[in-house]
Amino acid sequence: MSDWRYRVAEHRSTLLAALVFVAMFAIYVGNHSAGFSANVVQTAANKGVLLAFLAIAQTFVVLTSGIDLSVGAMFILTNCLASWIVVGSAAMTALGVAGVLLAGLVCGAVNGAIVIFGRLQPIVATIASGAVYFGIALALRPNPGGDVSSDLADMLTGQLWGGIPASLVVLFAVILAIWLPFRRSSLGRAVYAVGSSEVAAYMSGVATRRAKFAAYTLSGLFAAMGGLMLTFFTYSGEASSANAATYTLNSIAAVVLGGVSLFGGTGSAVGAIFGALIFRTINDLLFVFDLDPLWQPLFLGIVLLISVCIGSVRLLRIRNRLDLFG
Amino acid sequence: MADGYPLFELVGIEKRFTGTYALKGIDLAFEPGEVHAIAGENGAGKSTLIKLLTGAHQPSAGGLRWEGRPVAFRGPGDALALGINAVHQEVVACPHLSVAANLYLGDERARHGFLRKRAMLHEGQRLLDRLGFAIRAEATLGDLTIGQQQLVATARAAHRGVRFLIFDEPTGYLTRQETEQLFRLIRALNADGATIVYISHRLEEIFELADRVTVLRDGRLVSTRRTAETSERELIRDMVARPIEELHYKRAVPVGEKLLETRSLSGPGFADISLTVRRGEIVGLYGLIGAGRSEFVTTLFGRHRSTGGEILWQDAPVAIRREVDAITLGMALVPESRRDQGLCLNLGVGFNLALPSYDRLGRFGLVDRGAERVLARRQIDRLNIVAPGPGIHAEALSGGNQQKIVVGKWLERGARLFIFDEPTVGVDVGTKSEIYRVFADLLDAGAGIILISSYLPEVYDLSDRLVVFRGGRTVAEHGWKTAEVETILTEAIGA
């Protein structure tokens, strides 16, 4: 029996994303004037981790073959909220962090409820809810500002022993504490089954609604984690509509780069993280190779197109177009 | 015009799908101006034949000749260009567009690239009026009845000036009046010189319309006769003649306690159905498509609400409102389209086998992977599923093995009554016998089976009791091989 081969095939896209990232990052530090130093890694990590959290958020929903266009708005909303309440004594700060995460959970749960009970398509439901969340963010922070517990912020954005970036450790801890148990849980199986074939899952007695609800809720939670980290990096809150839009779209790009199928049912958050890191590294590469920043969007777009094409090579192999529908 | 040649001819046609023959050794010539009917049971190869004629499929071997010259279609466009058109049973059209827009779909009237909407509306309405259809050209297609949509599809084919027109079971959804309108149209088209291919189960329609009739069975051509020189009896005999291979396993299993009983159960699409299934027996439901069998079992499964009568499970009345209720009782539905309704194709075999049972695998919501592996191994061994390992995706397996996965997941969940909806559609001979062996194993294990099949030899050989459905009602019930095959087919057709 050679079951391990299928295990490898199962994680092929994740492994591929990891390899691509390592190669790109090696090129990056190889050409960076400061070389492979703790500071270079820390800066890169901090930039990558924000998108990584949003990519994980997006992964949960995409696995159910849905899409969450409100992740950027939830990210910004929790950022603005954190700049108000994650301050003061240690106890107050802890309470504030809990409050921000709870806000993310609530936003995600509302999305889930609209999609499931309102029977709206995810794309429409989350565009609308995202606009509402961004509106709340604007009400919270009409102008950029606010504050955040600098002790906590410095701890989570600095370096640990040996120059390991703390933000990466946070990301790693979250994966260990939430993603891995999720993958092993019956809830996780339900999410994959719903994304693969909702009818088959439903007819097998799987609680399909619960699975979808959980996916949207977890999406909100991870967007809030991203929002918290953003606050720790900037020490402030800002209701930036540009950021909300960019991070939403980039989270989808990261998910695709990380091998999570937009048709649902395949992929993992680990792949999505590497997708996010790849996406950030492309930016950095353009920087070290001194490419005009004006060309960046064009170049990013081309990379994205190519990677999506690689992902859909399967379709090219289908000889008869009727097979696509049959 | 090349006189003396058949208009359209199939020479030694074969069609294989991943090693399975859908059609084999077909030689058939359509004479110009004839109405040629094609009859055969489900799975006889009729729909594959249509797809070859219209260019949607390409033959694996053999060739087509149009007016004596060899032709090869790369796609439906090539066939359309010759004037070959098909009206399908399931309406293929755009329900959100107007009737006129559908009439001219892909063939729009335009000037300088802009649609001439008004002209299309006028011409479309004139066409509909001329054909005698009471349909408004500006109506939205989706608002019409299925029958009316069928007429629109026919009108669309007619206005393109077709030379070769194929009707695939066109009257399935039509009222008597609509059927007559359609027949008038077919005769008019035929009088204008179009060659007609008419595919139907309904023998009386064939005798009413056709000049000649060809019978297909198991992908082979059995006979081509002139309708004037044959009888319904003869055609039925051609359709059901025994297959050569003896595939069907029938072991004597003691019949046990009652599992399921319905008393005068009525619901959408069926009425007054009373039947009983016991442990160790197969109850076959035979009938034509649309006879109400699928509606009956999906209602048993809580998909539709019953409107009358009652359901008893092991002699106790039960209310089944949702799928989960039926599953909890111990029923399992193996759907006809198992690929998209029964399986998560891009997930592993083990995953699929464990899918209904995850709530009892492990604690605190965490899946015990050891137990999951044991479960997968157990069913793979028990059902002899040929898979390199539980991690391989379900889509990589053969049809028979996929069917076994669907059975296996329900066995694991403790199901005792299995409902198979057309379990052998589109599977090859070897897989068929594997599936029949699964039936035998299930009966040995004390399960009961409801077998829905439109393939008469199958239900005939396998069913301990055979219930014949027609028009949403049961018209007869027979013991194992106590009736002639011809009798049963006649009951189902209502001839």
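Two strands pair if DSSP finds at least two bridges between them. Strands (E, at least two residues) and helices (H or I, at least four) are DSSP runs, numbered from the N terminus.

This is a predicted model: local features need pLDDT of at least 70, side-chain atom pairs count only at pLDDT 80 or more, and totals for chains, interfaces and linings use all residues. Residues are numbered from 1 along each chain as its sequence is written, and chains are lettered from A in the order in which they are written.

**Strand β19 of chain B**

β19(B) covers residues 417–421. Five of its five residues are buried (20 or more other C-beta atoms within 10 Å of their own, with C-beta atoms placed from the backbone). In a regular strand the side chains alternate between the two faces of the sheet. Leu417(B), Ile419(B) and Asp421(B) lie on one side of β19(B). Phe418(B) and Phe420(B) lie on the other. Both faces are covered.

| Partner of β19(B) | Residues | Bridges |
|---|---|---|
| β18(B) | 331–334 | four |
| β20(B) | 448–453 | five |

Leu333(B) stands opposite Ile419(B). Phe418(B) stands opposite Ile449(B) in β20(B).

**The side that touches chain A**

Here 29 residues of chain B are in contact with 27 residues of chain A (C-beta atoms, placed from the backbone, within 7 Å). On chain B, α10 (323–329) and α11 (338–341) each supply at least two residues of this side. α10(B) gives the most, with three residues.

**Domains**

An automatic or database assignment gives chain B domain 1 (8–240) and domain 2 (258–493).

Methods. Contact = placed C-beta atoms within 7 Å. Buried ≥ 20, exposed ≤ 12 C-beta atoms within 10 Å, placed from the backbone.
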